[in-house]
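I have a new structure open and a notebook beside it. Here is what I looked up, one entry at a time.

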Amino acid sequence: MKKKPIRISANEINRFTYCPYQWYYGRVYGQKALKEKYLAVERKEVPHEGNFKRGLKFHEKYYSSYRLRKRVEWLIILLFAVLLIWGIMQWSQL
């Protein structure tokens, strides 16, 4: 019997780099089962704090810190642009 070659798509590589656990559980259980588990957690049908729920909390915390970091980066860029324009205006008046 000939073995099928294992193929990994670019989407799977993206999922793996985002979260190896999410990629693994998606490969083992399938996306449909993960979606059902996520909805069960959202509806609070899961009585105990499992790994899945802790993973969701981790990703929510990571995403909120990522958004904050991006906002700070944009503020720094904006501040730098304003200072650059102000400096050019001051220099041109000399």
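**Entry 1: Gln31**

Where is the place of Gln31? I found Gln31 in helix α3. A note to myself before going on: this is a predicted model. Next I asked how open Gln31 is, and its relative accessible area came out at 39%, so I put it down as partly exposed. Then I looked up its contacts, leaving aside neighbours within four places in sequence. Gln31 is in contact with Arg15 and Gly26.

**Entry 2: confidence**

The protein chain averages a pLDDT of 85, and 95% of the residues score at least 70. Which element of the protein chain has the lowest mean pLDDT, and which the highest? Helix α3, residues 31-42, has the lowest at 82, while α4 has the highest at 91. I keep one caution in mind: where pLDDT is low, the predicted coordinates should not be read in detail.

**Entry 3: aromatic pairs**

How many aromatic pairs does a search of the whole structure find? I got 5. One of the pairs I looked at is Tyr24 with Tyr25: the ring centres are 5.4 Å apart and the planes sit at 65°, so I wrote down edge-to-face. Tyr24 has 44% relative accessibility, so it counts as partly exposed. Tyr25, at 32%, also counts as partly exposed.

Then I turned to Phe58 and Tyr62. Their ring centres lie 6.4 Å apart with the planes at 25°, so this pair is stacked. Here the angle falls under the 30 degrees that the label asks for. Both residues lie in helix α4, which runs over residues 51-92. They are 4 residues apart, about one turn of the helix. Tyr62 is partly exposed, with a relative accessible area of 41%.

I also checked for clusters. Tyr24, Tyr25 and Tyr29 form one aromatic cluster, so I filed the Tyr24 and Tyr25 edge-to-face pair beside that note.

**Entry 4: the largest pocket**

How much space lies in the largest pocket? I read about 710 Å³. Of the 20 residues that line the largest pocket, I noted the closest to its centre: Gln22, Phe52, Gly55, Leu56 and His59. The elements that give two or more residues to the lining are α1, α2 (20-29), α3 and α4. Which element gives the most? That is α4, with 8 residues. By class, I have the lining down as 11 nonpolar, 5 polar and 4 charged residues.

**Entry 5: Glu12**

I went to helix α1 next, where Glu12 lies. Is Glu12 buried or exposed? Its relative accessible area is 15%, so Glu12 is buried. The cut-off for that word is under 20%. Leaving aside neighbours within four places in sequence, I found Glu12 in contact with Arg7, Trp23 and Arg27.

Lys61 has a relative accessible area of 64%, so I marked it exposed. How many residues separate Lys61 and Ser92 in sequence? They are 31 residues apart, and I get 47 Å in space, C-alpha to C-alpha.

Ile76 is also placed in helix α4. At 53% relative accessibility, Ile76 counts as exposed. From Ile76 to Tyr62 I counted 14 residues in sequence and 21 Å in space, C-alpha to C-alpha.

**Entry 6: before α1**

Last, where is the place of Pro5? I found Pro5 in the segment before α1 (10-18). Its relative accessible area is 60%, so Pro5 is exposed. I also looked up how Pro5 sits relative to Gly26: the two are 21 residues apart along the chain, and their C-alpha atoms are separated by 19 Å. Gly26 had already come up in my notes as a contact of Gln31.

Notes:
Residues are numbered from 1 along each chain as its sequence is written. This is a predicted model: local features need pLDDT of at least 70, side-chain atom pairs count only at pLDDT 80 or more; totals for chains, interfaces and linings use all residues. Side-chain values use heavy atoms; hydrogens and water are left out. Rings of Phe, Tyr and Trp (its six-membered ring) pair if their centres lie within 6.5 Å; planes under 30 degrees apart count as stacked, over 60 as edge-to-face and the rest as tilted. Buried means under 20% relative accessible area, exposed over 50%, partly exposed in between (1.4 Å probe, protein chains only). pLDDT is the predictor's confidence in each residue, from 0 to 100. On a 1 Å grid over the protein atoms alone, a cavity is a set of points where a 1.4 Å probe fits but cannot get out, and a pocket is an open set with protein on both sides within 12 Å along at least five of seven lines; lining residues have an atom within 4 Å of a point. Grid points are joined across faces, edges and corners, and a volume is the space filled by probe spheres set on the points. Ala, Val, Leu, Ile, Met, Phe, Trp, Tyr, Cys and Pro count as nonpolar, Asp, Glu, Lys and Arg as charged, and the others, Gly among them, as polar. Contact means heavy atoms within 4.5 Å.
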